[in-house]
Amino acid sequence: MKLWNRARFWLAFWGGKAFLARYLRTGHARNDRPGMVSMRLYGDFLKYIAKPRLTIVVTGTNGKTTIATMAAKILAMQGMTVSYNDWGANHHAGVARCLLACVNWRNRPVRDAAVIEMDELISPLDVPDLKPQYIIVSNIARDSMLRNGHPGYIFRCLEAAIAGTPGATLILNGDDPISCRLGEGHRRLYFGMGDLLWDPLPNLANDFPVCPVCGGTPVYDYRIYRHMGQVHCPVCGFRSPRRDYLVTAVEDGQLTVQEPGGKAVYPAVSTTAFSTANQAALIPMFRDMGISAPELARCFSYVQPPACRETREEVRGISLITMAAKGQNPTAVSTVFDSLARDPAPKEIILLLDEVYETPLKTETVAWLYDTDYEFLNCDSVRKIVLGGARYLDHRLRLLLAGVPAEKLVCLRHEEDTAGYVDTEGVEKIYVLHDVNAVSRGRAVRDAVRRRILSERGIAHDL
């Protein structure tokens with residue numbers, strides 16, 4: 001490194017460390033501004049900051065935060081000190097902030113591992129500098145037009161990132177016919193699910209309409225959700241890869257997994273299709289690290305999805321559930337709607353899916369609503385849908401076009417009013433669906449619903 005660049009690096013390093021120390025001291029640990037300082041002072045900062053002995057990159061369209069959070073928790077259970085941005089800061093500043101916490105003021109590692117959630121778009125710039133031992137790619141699917149563009153473009157971004165890290169072991173989703181083709185020439189371990197008879201509902205949008213080899217029409221042997229499943233091309237013979245770790249059953253709160261050494265059983269973190277896929281993504285990596293199946297099962301028994309993505313509690317006989325549904329991402333929201341539709345329990349839904357910006361320099365498109373499967377909510381088990389927020393009329397129109405009866409819809413401008421309009425009688429579950437950037441607002445509505453249930457049922461129960 002030239003003397004001038006060396007000076008810039010140390011200025012960026014000490015500046016970032018000073019900001020980090022200040023933020024930690026003032027109770028603002030969940031902030032990536034210290035990393036922003038370092039990256040603005042020296043653009044090649046990630047190349048020269050020291051890395052811990054184990055670096056794991058988690059990327060892909062959906063599931064990054066859940067997978068990375070569970071990975072960090074399990075590493076900590078193994079006695080390792082771990083740096084991880086648990087609030088989902090996955091751009092340049094967030095990556096730098098994560099690594100700043102890994103080293104001391106002399107740029108020497110003081111933590112055993114870094115789990116780095118990585119946005120797919122920036123991966124070609126950052127992943128080669130990190131030199132990770134493992135790269136987990138959850139999936140590639142249709143995402144926000146404002147954020148990530150077409151799946152084919154994202155594939156090329158990840159392909160470039162992986163090409164710059166020849167020593168990394170790839171953990172790939174064998175059920176995803178798009179991302180499973182990444183990393184030719186690398187060591188690859190595939191996870192996936194067998195035919196579990198989940199019978200997913202038909203989607204409006206198809207992210208895998210043609211064979212990537214010959215342009216023929218792919219045929220699914222079975223489908224799990226969206227375009228995930230086991231697929232082959234009858235024209236050229238392209239097919240899903242053999243999964244090294246295959247979930248063969250999900251029942252009684254357990255996953256049965258066929259592994260290279262035989263079958264193993266793990267506690268299920270959640271039983272929805274996409275949550276099972278997130279958990280399955282971790283099994284090849286930890287087994288490859290040498291963690292035994294019984295020990296990994298023990299760890300999974302203590303791991304839950306991050307609270308910013310899902311919470312569940314029983315309140316006077318009603319299951320009160322919050323779930324993040326990534327706004328402007330038709331794949332993520334449709335997958336959540338699919339899981340609700342296939343749950344036969346009588347339920348009511350509070351829908352809070354807005355990304356409204358205060359600055360006029362940003363705008364929110366509503367085109368994604370028409371790629372999203374609102375038709376899934378047109379089912380008998382959904383008794384009522386309460387819509388709240390600035391886009392409530394857009395959601396109402398989309399639900400009406402999906403065939404949902406108007407009498408099932410309650411429309412409110414202010415999100416905080418929605419808790420007062422769900423029924424607490426005759427239902428088993430109440431879902432609060434919120435955007436990933438609106439966790440606090442979703443929790444506030446959940447808490448208001450809880451208070452209503454307790455006030456309406458608690459007195460009678462106690463009497």
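Predicted model: local features only at pLDDT ≥ 70, side-chain atom pairs only at ≥ 80, totals over all residues.
Which helix gives the largest share of the lining of the second largest pocket?

1. **The pocket and its helix.** The helix to look for is α7, residues 151–163, which supplies four residues, the largest share of the lining of the second largest pocket. The volume of this pocket is about 350 Å³. A total of 21 residues line the second largest pocket, and the closest to its centre are His 150, Pro 151, Gly 152, Ile 178 and Asp 207.

2. **What the lining is made of.** Sorted by class, the second largest pocket is lined by 10 nonpolar residues, six charged ones and five polar ones.

3. **A charge over a ring.** Have a look at Phe 155 too: Arg 181 lies over the face of this ring, 4.5 Å from the ring centre.

4. **Aromatic pairs.** The structure has 11 aromatic pairs. One of them joins Phe 337 and Tyr 374 edge-to-face, with 5.2 Å from centre to centre and 70° between the planes. Phe 337 sits in helix α10 (residues 330–341), while Tyr 374 belongs to the loop between β14 (347–352) and β15 (382–388), so this pair ties together parts that lie 37 residues apart in sequence.

5. **Buried or exposed?** For that pair, Phe 337 counts as buried because its relative accessibility is 0%. Tyr 374 is buried as well, with a relative accessible area of 0%. The cut-off at work here is that buried means under 20% relative accessible area.

6. **A ring cluster.** Which residues do ring pairs link into a cluster? They are Phe 9, Trp 10, Phe 13, Trp 14, Tyr 42, Phe 45 and Tyr 48.

7. **Cysteines without disulfides.** How many disulfides does the count come to? The answer is zero. Cys 233 is in no disulfide, and the nearest cysteine sulfur, that of Cys 214, is 3.5 Å away. Cys 236 is in no disulfide either; its nearest cysteine sulfur belongs to Cys 211 and is 3.5 Å away.

8. **Where those cysteines sit.** Cys 233 is buried, with a relative accessible area of 3%. Cys 236, on the other hand, is partly exposed, at a relative accessible area of 36%.

Methods:
Residues numbered from 1 in each chain as written. Heavy atoms only, no water. 1 Å grid on protein atoms, 1.4 Å probe; cavity = no way out; pocket = protein on both sides within 12 Å on 5 of 7 lines; lining within 4 Å. Points joined across faces, edges and corners; volume = space filled by probe spheres on them. Helix = DSSP H or I, 4+ residues; strand = E, 2+ residues; numbered from the N terminus. Nonpolar A, V, L, I, M, F, W, Y, C, P; charged D, E, K, R; others polar. Phe/Tyr/Trp six-rings, centres within 6.5 Å; stacked < 30°, edge-to-face > 60°. Buried < 20%, exposed > 50% of the residue type's maximum accessible area, 1.4 Å probe, protein only. Lys NZ or Arg CZ within 6 Å of the ring centre and 35° of its normal. Disulfide = S-S within 2.5 Å.
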